[in-house]
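Grab your viewer and try each one before you peek at the solution.

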Amino acid sequence: MGEWLLIAFTMIVQSSIGLVLMSALYTHFFYHKTEVGQETEAVPVRRILVISSILAGIGLLSFLDIIGYPSSSYQLLQLHDLMQEWVNTETTFSAAYFITLSLYTLFVLITKQSHAYIMAGISIIGLADIHYMVNIYSNSNLIIWTNINTYFLFYGAVFTLGPALALSLIGQPGRKFIREKIPTKLIMTALIIVFISVTTRLIEQPAYMGWLVEAVTEGQIENIIFPHQPEINLRSAFGFRMITWCLYIIAMTIWTYTLWRGRNKTLVRIGCPILSGTIIMLIAEIINQYIFFVMCDV
């Protein structure tokens, strides 16, 4: 269960940061003031900021729970001799991200005005939090975490989960949700961001797997911990990775089909295709995170 707590904490934080980034993008490129008395287009941004703040709070509490109860999944981190200063720094940035995001969300709810550059600044704090989160693992003694692949995994998830969730949260909640329309260009932007994120990780994977196989085969690196039964784990991880790439392709294909259907429209209904693509993308990320943490079973 320890691995699942780490997976949940990591994905919650990544989703929150990705949503704030997409909110900044939406505000800058797609937000236009409406006439008095009409529903403002800032409503989706306010909704996403509230959800992002909740996710950030849950992520911070989860991390404090992990480091506060060594009998749980934090044993997994202690086992690999992680540097305490990285943990403290990550906690500081996580708290700073949550506080600034919560205060700004309160400001937006009161004033009903959103500012792209402020949200971008908050996102930078979140990305710095991800950086120190990655350092916690990359400075460990477990060999599968010490590669640059860890950076690709953590940052790639931010730019996959954020766009995927944002497309589904832009619409009106409730019964009108499926009939709500979102800008076609927003779907295209989300698709491009996800495509770059997935493609970058896919290009990096062969180099990582080659390095990992060589390192596990030689086993000559001192003070390095190897996974239990590394050959079996590597073969299992390869199969899971193939599943994740297939899921990514399916999700992006669904979104592309939605764009093709609405190619002559400025607004497209959210509908089941967008929601199903988001769900598939979320499943793919869960599997990706599971691969990362389950391989540390020593």
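**Exercise 1.** Which residues lie nearest the centre of the largest cavity, and how many residues line it?

Solution. Keep in mind that this is a predicted model.

- Start with the cavities: the structure holds three of 30 Å³ or more.
- Pick the largest cavity, which has a volume of about 110 Å³.
- Now list its lining: there are twelve residues, and Asn 149, Leu 153, Gln 205, Arg 241 and Asn 288 are the ones nearest the centre.
- Next, ask where the lining comes from: H6, helix H7 (184–218), helix H8 (230–261) and helix H9 (271–294) each give two or more residues.

**Exercise 2.** Work out at roughly what angle the axes of helix H5 and helix H6 cross, and whether the two are roughly parallel or antiparallel.

Solution. 

- Find the helices: H5 covers residues 116–138 and H6 covers residues 149–169.
- Check the axes, which come within 9 Å and cross at roughly 150°.
- Angles over 145 degrees count as roughly antiparallel, so H5 is roughly antiparallel to H6.
- For handedness, the H5 and H6 crossing comes out right-handed.
- On the H5 side the contact includes Leu 127, Ile 130 and His 131, while H6 brings in Thr 150, Tyr 151, Phe 154, Tyr 155 and Val 158.
- Sort the residues of this contact and you get nine nonpolar, four polar and no charged.

**Exercise 3.** Say which hand the crossing of H4 and H5 has, left or right, and how the residues of their contact divide.

Solution. 

- Take helix H4 (residues 84–111): its axis comes within 9 Å of that of H5, and the two cross at roughly 160°.
- That angle makes H4 roughly antiparallel to H5.
- The crossing of H4 and H5 is left-handed.
- Among the contact residues are Trp 86, Glu 90, Phe 93 and Tyr 97 of H4, along with Ile 122, Asp 129 and Tyr 132 of H5.
- By type, the H4 and H5 contact has 15 nonpolar, five polar and two charged residues.

Note on methods:
Residues are numbered from 1 along each chain as its sequence is written. This is a predicted model: local features need pLDDT of at least 70, side-chain atom pairs count only at pLDDT 80 or more; totals for chains, interfaces and linings use all residues. Side-chain values use heavy atoms; hydrogens and water are left out. Axes are lines fitted to C-alpha atoms, for helices over the stretch in contact, and angles run from 0 to 180 degrees between N-to-C directions. Helices (H or I, at least four residues) and strands (E, at least two) are DSSP runs, numbered from the N terminus. Angles under 35 degrees count as roughly parallel, over 145 as roughly antiparallel, 65 to 115 as roughly perpendicular and the rest as oblique. A crossing is left-handed if the near helix is turned anticlockwise from the far one by less than a right angle, and right-handed if clockwise. Contact means heavy atoms within 4.5 Å. Ala, Val, Leu, Ile, Met, Phe, Trp, Tyr, Cys and Pro count as nonpolar, Asp, Glu, Lys and Arg as charged, and the others, Gly among them, as polar. On a 1 Å grid over the protein atoms alone, a cavity is a set of points where a 1.4 Å probe fits but cannot get out, and a pocket is an open set with protein on both sides within 12 Å along at least five of seven lines; lining residues have an atom within 4 Å of a point. Grid points are joined across faces, edges and corners, and a volume is the space filled by probe spheres set on the points.
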